[in-house]
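Here is a short tour of a protein model, written for someone who likes to know the cut-offs behind each term. Please keep the viewer open while you read.

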Amino acid sequence: MTKLNKQIAVLALLLALAVVVTVIAYRLPDAEVRQAQEQEKAVQINSGDVQAVVLSNSSGTSAFLNTPMGVIADGDDAGLYSQQKLISLVYGLTHIDADMEIAEPDADSFGFDTPAAQVSILLDNSTVRLTLGRRSPVAEEYYLKNEDSGKVYLVSAEAAELMTQPADDLRDLSLFPAISSENLAQLQQIRISSGESSMLLCQVQTDTLSTFFGLVEPVVAVLNWENVYRQVLSAVFTLTPDHYVSDSRPLSDFGLDAPEYTLELLIDGQTYRCGFSAKDPDTYYCANLDKTLVCEIKREKIDFLSVNYIDLIGNSVYNRSAADVSRLSAKYSGGSVSLEITGEGESLTASTGTQQLDSAETVELFRSIGTIPMAAELSGAEETQSPVLTLCYTMRDGSEDILEFMPISDRQCAVFINGSAEFATYLTSAEDIIRAFDKLK
């Protein structure tokens with residue numbers, strides 16, 4: 001072997017060793033982190049091994065049995081409890097992460113002599129006992145002691161709240177049957193009322209699988225679906241009270257005989273009326289107004305009840321997707337144009353007879369003619385002139401929407417939708433739509 005070859009061999013060996021050392025150095029911290037993560041568990045028990053849980057805190061002592069049929073609250077009123085909450089309780093108490101383990105657990109300053117809560121987790125042949133102490137003076141965590149091992153941990157405020165919550169908060173506090181994107185079709189109407197004002201949204205029947213809502217009161221209008229979902233529906237999906245208050249006192253004790261807000265939902269043919277009255281700036285009392293169960297709910301959860309219907313309309317007084325339309329015609333002083341729309345998705349096309357637009361061109365056309373900004377609400381006393389533009393949308397289900405743009409000044413025109421006008425738009429908006437159709441002639 002030549003001297004050069006020997007040098008190459010040595011370099012290759014050194015490089016290989018460097019790679020091995022780098023891999024070991026890289027993996028070792030990961031292994032240490034994994035080991036630390038495995039050790040940082042205040043409680044780690046298989047929920048299926050739990051026979052019962054006994055929870056004691058300032059609200060009293062409650063027992064919950066873990067059976068093959070589900071988690072059952074021990075007592076005559078077991079049927080009042082939420083199965084989902086009970087399952088979450090058992091799982092949460094058997095899987096408590098520790099932010100850190102206290103090195104000197106013999107200190108007497110953790111508040112275990114006057115515990116905030118105590119938990120007994122009964123297993124087949126043993127019992128795990130936990131004691132929750134006071135909150136750490138320097139952080140959001142709480143002290144937790146495993147009585148069997150004698151170890152003390154710092155645990156999150158969420159874990160502490162799980163142990164200190166009143167048993168009544170584990171009851172079924174729902175105001176109406178659960179609504180989600182999966183069963184949204186069952187939600188037929190939404191009415192939000194406050195004082196003398198009221199807004200009614202009704203489900204719009206379409207030939208698609210999607211569920212949409214249109215505004216019926218105080219005006220009839222097509223809504224921006226994204227705004228409705230983001231500002232109203234997503235809040236309805238998660239509208240769950242936070243704390244139990246009473247199920248025996250009259251609603252008038254909480255101002256719910258004349259609530260500040262009322263939410264009325266028509267779900268699968270049945271009406272649910274929910275009332276909300278302020279307890280303090282951050283908390284509201286709430287109840288199904290046909291029952292006596294009163295709860296508390298965070299103000300942020302009901303902010304949607306003050307939404308303005310104009311916000312739901314969005315940036316256009318009329319919204320219509322090209323996929324919903326089979327024919328669109330425009331008539332104005334410069335002539336008329338008619339389009340036939342077929343297909344959907346990438347196969348969506350529009351044809352004037354002499355021109356054919358592909359999917360992207362069709363979507364862009366509908367975007368340009370579908371932006372009809374709101375300039376003002378109409379009082380009904382405005383004098384109108386002959387329409388400068390008439391649009392006729394024929395839907396794929398055979399229904400029609402006719403839009404007429406009638407000037408009420410030299411800058412604005414009323415937008416009549418099927419003979420009724422609630423809003424005015426800018427005259428320039430009608431002119432922009434006309435120019436878009438002129439390009440198709």
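## The open sheet

What is the order of the nine strands in the open sheet? In this predicted model, the strands follow the order β22-β21-β20-β19-β24-β25-β26-β27-β23, and the pairing is antiparallel. Two strands count as paired if DSSP finds at least two bridges between them. Helices (H or I, at least four residues) and strands (E, at least two) are DSSP runs, numbered from the N terminus. The edges are formed by β22 (356-357) and β23 (376-377), each of which pairs on one side only.

A few notes on conventions: residues are numbered from 1 along each chain as its sequence is written, and side-chain values use heavy atoms, with hydrogens and water left out. Local features need pLDDT of at least 70 and side-chain atom pairs count only at pLDDT 80 or more, while totals for chains, interfaces and linings use all residues.

## The protein as a whole

The secondary structure comes to seven helices and 27 strands. Of the 441 residues, 39% count as buried; buried means under 20% relative accessible area, exposed means over 50%, and partly exposed is in between (1.4 Å probe, protein chains only). Contact here means heavy atoms within 4.5 Å. Among contacts between residues at least 6 apart in sequence, 56% join residues at least 24 apart.

## From β24 through β25 to β26

Now let us follow three strands of the sheet. β24 and β25 pair in the antiparallel sense over six bridges. Their hairpin has four residues between the strands, and Gly398 in this hairpin takes a positive phi near 95 degrees. Another hairpin, also through four residues, joins β25 to β26. Strand β25 (residues 400-407) and strand β26 (residues 412-417) run antiparallel and are joined by five bridges.

Thr390 lies in strand β24 and stands opposite Glu404 in β25. Thr390 and Glu404 are 14 residues apart in sequence, yet 4.6 Å apart in space, C-alpha to C-alpha. Leaving aside neighbours within four places in sequence, Thr390 is in contact with Ser329, Ala330, Lys331, Ile402, Leu403 and Glu404. Thr390 counts as partly exposed because its relative accessibility is 22%. Looking towards β26, Glu404 has Phe416 as its bridge partner, and Met406 stands opposite Ala414.

## Helix α7 and its neighbours

How do α6 and α7 pack, and at what angle? Helix α6 (residues 359-369) and helix α7 (residues 427-438) pack at an angle of about 155 degrees, with their axes 9 Å apart. That makes α6 roughly antiparallel to α7, a term for angles over 145 degrees. Axes are lines fitted to C-alpha atoms, for helices over the stretch in contact, and angles run from 0 to 180 degrees between N-to-C directions. The contact is made by Leu365, Ser368 and Ile369 of α6 together with Ile433, Ala436 and Phe437 of α7.

Helix α7 also packs on the sheet, touching β19 (325-332), β20 (335-342), β24 (389-395), β25, β26 and β27 (420-426). The direction of α7 makes about 85 degrees with that of β27.

## Two nonpolar cores

A nonpolar core is a set of buried Ala, Val, Leu, Ile, Met, Phe, Trp, Tyr and Cys residues joined through side-chain atoms within 4.5 Å. The largest has 75 residues, of which Phe176, Ile190, Leu263, Phe276, Tyr393, Phe405 and Phe437 touch the most other members. The largest share of this core, six residues, comes from α7. Apart from it lies another core, of 31 residues, among them Leu89, Leu93, Val128 and Leu132.

## Backbone points to check

Most residues other than glycine have a negative phi, and most peptide bonds are trans. The peptide bond from Glu217 to Pro218 is cis, with omega near 5 degrees, and Pro218 sits in the loop between β13 (212-217) and α4 (225-237).

Asp268 has a positive phi of about 50 degrees although it is not a glycine. Asp268 is found in the loop between β15 (261-267) and β16 (270-280) and, at 59% relative accessibility, counts as exposed. Asn418, in the loop between β26 and β27, has a positive phi near 55 degrees. With a relative accessible area of 47%, Asn418 is partly exposed.

Terms used: Angles under 35 degrees count as roughly parallel, over 145 as roughly antiparallel, 65 to 115 as roughly perpendicular and the rest as oblique.
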